[in-house]
Amino acid sequence: MSSPESRPSAGPVEDLPAVAPQLRALRRRASLTLEAAARSAGLSPAHLSRLETGQRQPSLPMLLALARIYGTTVSELLGETVAGQDAIVRTGDMEPTRAGGWTYWQTGASGRGMQALKVHVPHGSQGDIVRVHPGEEWLYVLDGRLRLRLGDTTHLLAPGDSAHFDSLTPHRIAAEDPHGVGLLFVHTLLQSPTAALCLGPLTGEMP
């Protein structure tokens with residue numbers, strides 16, 4: 001399965017808020033070196049460094065991978081302000097954000113152990129959410145058809161179908177239809193003390 005950095009970069013810089021100031025701070029807050037974070041996200045240290053200095057813009061799959069590793073949300077990586085831990089998220093507060101051709105809406109509160117998103121994946125985009133990582137994922141097809149590859153098996157999901165899987169299973173998603181596919185998507189974040197066991201030992205100074 002291809003790594004996040006091997007896919008096309010996100011669109012023009014104006015498609016995304018300035019994420020560079022957040023990326024290094026959140027990596028350091030997670031006590032990860034540049035090398036360890038890059039390895040866990042399937043990126044090269046040089047590529048992650050370019051993201052942190054604003055020379056490159058991340059795609060949504062990259063943001064999802066980094067959010068999971070840092071134990072945070074895509075919204076926090078983007079510097080967005082989301083209501084604390086309110087149980088209710090109103091539709092008027094769900095501002096769409098575009099990254100790498102994908103469009104997503106933050107549908108859950110921040111500071112939780114899971115992140116909930118509504119996502120539109122366009123046809124023809126490189127559909128890897130991540131390659132392999134600890135945790136679980138759940139998705140529900142709202143409209144269009146989804147091609148989901150889990151390990152060596154490919155599934156075609158129609159509206160109303162869902163999938164719940166261990167995300168240590170290599171996985172890839174793509175839109176089957178020309179108009180793309182709409183999903184509800186929930187994934188767990190690496191916020192527990194055991195996350196370090198999943199990521200491996202960390203050594204050296206943080207850049």
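## Ground rules

Residues are numbered from 1 along each chain as its sequence is written. Because the model is predicted, local features need pLDDT of at least 70 and side-chain atom pairs count only at pLDDT 80 or more, while totals for chains, interfaces and linings use all residues; side-chain values use heavy atoms, without hydrogens and water.

## The whole chain

The chain holds 6 helices and 9 strands, which are DSSP runs numbered from the N terminus (helices: H or I, at least four residues; strands: E, at least two). Of its 207 residues, 44% count as buried, meaning under 20% relative accessible area with a 1.4 Å probe, protein chains only.

## Helix α3 and its buried side

Which residues of helix α3 are buried? In this helix (residues 45-52), they are His47, Leu48, Leu51 and Glu52. They sit on the same side of α3 because they cover an arc of only 140° around the axis, taken from the directions from the helix axis to the C-beta atoms. These residues pack against α1 (20-29), α2 (34-41) and α4 (60-70), where contact means heavy atoms within 4.5 Å. After α3 comes Gly54, with a positive phi near 80°.

## The nonpolar core

Leu48 turns up again here: along with Tyr70 and Leu146, it has the most contacts inside the largest nonpolar core, a group of 43 residues. Such a core is a set of buried Ala, Val, Leu, Ile, Met, Phe, Trp, Tyr and Cys residues joined through side-chain atoms within 4.5 Å. Helix α4 gives the most to this core, with 9 residues.

Not counting residues up to four places away in sequence, Tyr70 touches several residues, including Leu23, Leu48, Glu52 and Leu77.

Definitions and conventions. Buried < 20%, exposed > 50% of the residue type's maximum accessible area, 1.4 Å probe, protein only.
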